[in-house]
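Please read the following report alongside the sequence and the coordinates.

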Amino acid sequence: MNYDEMFEFEKIDGGYALTSYLKKDDKNIHKVEIPSEYHGEPVTAIGERAFEYAAYLEEVNIPPEVKTIGKSAFSYCYGLSGIVFSEGLLSIGEGAFGVCEDYLASVTLPKSLERIGNCAFDSCWCLEKVTFLNPSTVIGENIFYSCPNLPAETQLIGILRSCDITQSIPESEYIQWEKGRRLDKTIALISYPILCEDVFALAVKNNCFRSVKWCDKLVNLLEVIINFGWMDYMRIAADGGLLDDRELLDKLTDISVQKGDTELTAWLLEHKNKNIGFSGNNYEL
């Protein structure tokens, strides 16, 4: 095969980097084998944005000579349904497979993989299964941002940045919320993963909020729950011990009163009275 008709390469230390896929607009090419060598030297890297917007690409095989996949290397490859990573791959860059949204359902990450960059699989809406063969892989932020079909355990891995779902949630991940954006039945699709009920329940069950007694970001998270009237979430929080602080309960009750949610206000007061004692504050229901 004449690789010069398919790809552009750049000489780097130790071999070559594949820097561009020249057939991005070819509707007749659906499967690509990344070459293991070029001009007698190994292809050790796929460069930044090399395959970006290759919308007709469906399958990619990456040989073991490739050690790094660059930033956004396969982003917006809407048709990508299969990707084979070989043992030997060391790193996947930021957003490398972002917005491969239509077909990519399963990914197996090799044992050799040392690092995954931020948002590596962002908006892979059809992604249902991710297998980590190396539990020590260093995980970036939001690697599964907006992947609503992943199991709660896998989504929580993305939030914790660790394969150990008993770890504490980093403070920056207590809430992923932008003021003014509407949440509806597609809550996970627009990706507030800690507000996916199954993920939230799993995080609480595994004591993932243990790093703080309560803080502004945790209040913000619970305020979102109050604003949308999600009583099931509040019960999960209560059962998991998140509402056992008097100061936090007073703050949440004030928020509920301001919202005019009499049912939730009564529930919060009942919880406070039952679990930590009533402080004497008067609230008009």
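Thr-253 lies in helix α5, which covers residues 246-259; helices here are DSSP runs of H or I with at least four residues, strands are runs of E with at least two, and both are numbered from the N terminus. With a relative accessibility of 1%, Thr-253 counts as buried, where buried means under 20% relative accessible area, exposed means over 50% and partly exposed lies in between, using a 1.4 Å probe and protein chains only. Its side chain reaches the backbone oxygen of Leu-249 at 2.7 Å. An α-helix has 3.6 residues a turn, so residues three or four places apart point the same way.

This is a predicted model, in which local features need pLDDT of at least 70, side-chain atom pairs count only at pLDDT 80 or more, and totals for chains, interfaces and linings use all residues. Residues are numbered from 1 along each chain as its sequence is written, and side-chain values use heavy atoms, with hydrogens and water left out.

An open sheet is formed by three strands in the order β3-β6-β8, with parallel pairing; two strands pair if DSSP finds at least two bridges between them. The edges are taken by β3 (31-33) and β8 (82-85), each of which has a single partner strand, so one side of each is left without a neighbour in the sheet. From one strand to the next the twist averages 5°, an angle between lines fitted to C-alpha atoms that runs from 0 to 180 degrees between N-to-C directions. Between β3 and β6 (residues 59-62) the parallel pairing extends over three bridges, and Val-32 has Val-60 of β6 as its bridge partner.

In helix α2 (residues 197-205), the buried residues are Val-199, Phe-200, Leu-202, Ala-203 and Val-204. These buried residues pack against α1 (152-160), α3 (216-227) and α4 (231-239), with contact meaning heavy atoms within 4.5 Å. After α2 comes Asn-207, whose phi is positive, near 60°.

Ile-92 belongs to strand β9 (residues 91-92) and is buried, with a relative accessible area of 2%. Leaving aside residues up to four places away in sequence, Ile-92 touches several residues, among them Ile-69, Phe-85, Phe-97 and Leu-109. Its C-alpha atom is separated by 8.8 Å from that of Lys-67, 25 residues apart along the chain.

A search of the whole structure finds 18 aromatic pairs, where rings of Phe, Tyr and Trp (its six-membered ring) pair if their centres lie within 6.5 Å, and planes under 30 degrees apart count as stacked, over 60 as edge-to-face and the rest as tilted.

Tyr-16 counts as buried at 13% relative accessibility, as does Tyr-38 at 12%. In the other pair, Tyr-3 is partly exposed at 28%, whereas Phe-7 is buried at 2%.

For the protein as a whole, the secondary structure comes to six helices and 13 strands, and 50% of the 285 residues count as buried.

Methods
A polar contact is a pair of N or O atoms within 3.5 Å; within protein, one must be able to donate a hydrogen and the other to accept it, and residues adjacent in sequence count only if both atoms are side-chain atoms.
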